[in-house]
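Please keep the sequence and the model in view while going through the points.

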Amino acid sequence: MKMKNLIKSVGILLLLASGLSSCNKERTPQSGDDEATIKVSLSGAQFKESTDIKNRASDRVAPGSPKNTGQRKLIPINRELALVAELSPVVPADADGAIRKAASTDKRAAAEQTDLAQNVKYKLLVFDSSGKYITERDYTRGQESSTAELKLKTGVQYSFVAYSVNSSSALPAVSYTDAQNKTLSSASISGLNGDNDDFMYFRREMTVMENSDNNLAIVLQHKFTLISTKIDASATGYNITEIVASIAPHYPTADVSLDAGTLSQTGTQGKADLTFSGLNAMVVNAAPKQLNANTALGGSLFLTKITIGPITASNLTALDSLSIQPGVKYNLNLSVIPNDTYLTYQGQSAARISGLIWMRHNLGANYNLNPDQDPSVNGLHGNYYQWGRKAVAATATTGAGAISPWNKENPDDKAWNSGSETAPLKTANDPCPSGYRLPTAREMRILENDVTDGNIGTWSESASNYSAARIFKSKRNANVQLTLPIAGNRYYEDGTLGKRGIEGFYWSSTIQNNRVLHYKIVHDGDANIDDSSFDRDWAFPIRCIAAQ
């Protein structure tokens with residue numbers, strides 16, 4: 001009896017084990033046994049961010065680095081006027097006026113996405129993990145449902161490649177080295193028009209899943225460069241009546257490898273002509289121009305002819321040694337400015353250097369004193385301000401010891417600039433007088449690039465040494481200068497005075513990587529934008545710039 005029960009129990013166990021095994025086999029999907037639908041949509045398009053901006057976003061500013069910009073130049077037109085030309089990559093709107101902190105860590109955040117029009121045509125190609133061609137589909141944005149459904153095997157990884165030329169009619173064909181053996185590595189497009197074909201590209205690896213939404217949201221990347229140009233002569237009061245300008249190099253055609261989406265320039269090297277509208281005005285704009293080029297330091301902007309009021313200049317090389325990267329969107333800004341000079345602006349004694357108007361005194365100084373006297377004196381040192389705050393933290397004659405209470409609040413990144421680095425906007429916290437504001441780090445770099453400098457006074461650290469100062473003389477007019485006293489700083493912990501007579505510190509309104517950029521001056525000639533002190537509780541002097 002016992003033997004029968006034992007045999008019966010063993011049989012039951014075997015049946016249970018067999019059932020469990022069968023259930024497990026039924027619940028385990030086998031790769032490639034089933035198919036799933038891929039839901040395709042086109043979200044928009046992006047220009048990539050310049051690697052110059054990414055490098056500045058991820059690295060601290062090294063001493064001397066601000067002088068190595070390479071994308072800005074000042075060109076004399078005649079004794080009265082000069083032209084300042086600057087090519088700068090467009091920083092995405094979410095950068096909030098500073099170099100975006102996310103740029104070094106999140107590539108998806110490194111570009112600003114824009115919408116594309118409905119009815120734009122785009123092609124999607126599918127390759128397996130070995131690069132072998134599987135299938136393709138032609139889509140029209142907003143009408144994806146009218147294209148044959150895309151079904152692929154589940155549990156399999158595929159490479160999805162999409163492209164468009166931003167057209168509702170044109171869709172260039174793909175060619176393969178061997179039409180009988182189509183592979184991703186041999187796929188290419190030839191003869192893209194460098195002027196008109198706005199080629200955009202997308203690639204993504206994705207494993208198709210069973211019982212899951214397989215959404216393929218395509219965001220295309222522009223592969224040609226786009227440059228928007230503005231010429232501003234409003235500082236002169238003259239209208240611009242004629243302008244003939246071009247950018248080189250530019251190639252008529254391009255080929256693209258679909259494996260990586262990289263462009264190869266083809267055809268005879270030439271130039272891209274800029275077309276301006278709205279002449280007979282002080283500010284004119286050119287239509288955005290697509291550029292087919294890839295230069296490390298070989299691009300140039302040429303002004304064949306420009307007429308501003310009664311003045312005509314010809315055959316100017318406004319910029320050279322330019323770095324122009326494919327897929328980046330740039331702003332090209334040209335400002336016609338009067339010669340560097342002293343002037344009274346908004347009731348303040350000021351100096352215009354390279355089109356920027358600076359107060360000649362530190363904020364809070366005795367404005368009746370000669371700002372350039374040698375040696376400097378305590379009346380020229382002005383007040384000390386903590387970053388982002390309007391209140392005076394200390395004056396030039398405040399005792400050298402700790403200040404109690406010392407403000408330890410942490411101001412917002414936009415406390416002194418609610419705009420951007422290239423279009424700053426003064427805030428209510430800005431202590432500068434009417435018509436002036438805190439300078440940006442960019443504006444400090446412009447000043448540094450366009451002056452020669454030297455020292456006056458005795459350079460030695462002492463609370464009573466007010467004599468030391470750094471002189472900045474205009475390269476265009478040596479009779480025009482700014483003199484910055486070496487006022488030291490007030491320590492972030494308690495406001496104790498430090499470095500007077502041996503180091504100078506001046507605030508900018510710029511935040512970069514959570515650090516506050518400021519101008520630092522030391523005796524041995526090292527004067528540059530610095531971010532070594534990121535605590536906003538330090539107190540430095542301020543030199544205001546016109547809020548033009």
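1. The model is predicted. Attention is drawn here to W538, which counts as buried because its relative accessibility is 17% and the limit for buried is under 20%.

2. W538 has an aromatic partner, Y491. The ring centres of Y491 and W538 are 5.4 Å apart and the planes stand at 80°, so the pair is edge-to-face. Y491 is partly exposed, at a relative accessible area of 33%.

3. Which parts of the chain does this pair tie together? Y491 belongs to the loop between strand 31 (489-490) and strand 32 (497-498), and W538 to the loop between strand 35 (527-530) and strand 36 (539-540), so the parts joined are 47 residues apart in sequence.

4. The structure holds 14 aromatic pairs. Ring pairs also link Y491 and W538 with Y492, F505, W507 and F540 in a cluster.

5. Strand 33 (residues 503-512) contains F505 and W507 among the residues that point one way, while G504, Y506, S508, T510 and Q512 point the other way. Ten of the ten residues of this strand are buried, so strand 33 is largely enclosed by the rest of the structure.

6. Strand 33 pairs with strand 34 (residues 515-522) in the antiparallel sense, over seven bridges. W507 stands opposite H518 in strand 34. The two strands form a hairpin with two residues between them, and N513 in the turn has a positive phi of about 55°.

7. The charged end of K182 sits over the ring of Y133, 4.8 Å from its centre, and R360 lies over the face of Y342, 3.9 Å from the ring centre.

Conventions:
Residues are numbered from 1 along each chain as its sequence is written. This is a predicted model: local features need pLDDT of at least 70, side-chain atom pairs count only at pLDDT 80 or more; totals for chains, interfaces and linings use all residues. Side-chain values use heavy atoms; hydrogens and water are left out. Rings of Phe, Tyr and Trp (its six-membered ring) pair if their centres lie within 6.5 Å; planes under 30 degrees apart count as stacked, over 60 as edge-to-face and the rest as tilted. Helices (H or I, at least four residues) and strands (E, at least two) are DSSP runs, numbered from the N terminus. Buried means under 20% relative accessible area, exposed over 50%, partly exposed in between (1.4 Å probe, protein chains only). A charge sits over a ring if NZ of Lys or CZ of Arg is within 6 Å of the ring centre and within 35 degrees of the ring normal. Two strands pair if DSSP finds at least two bridges between them.
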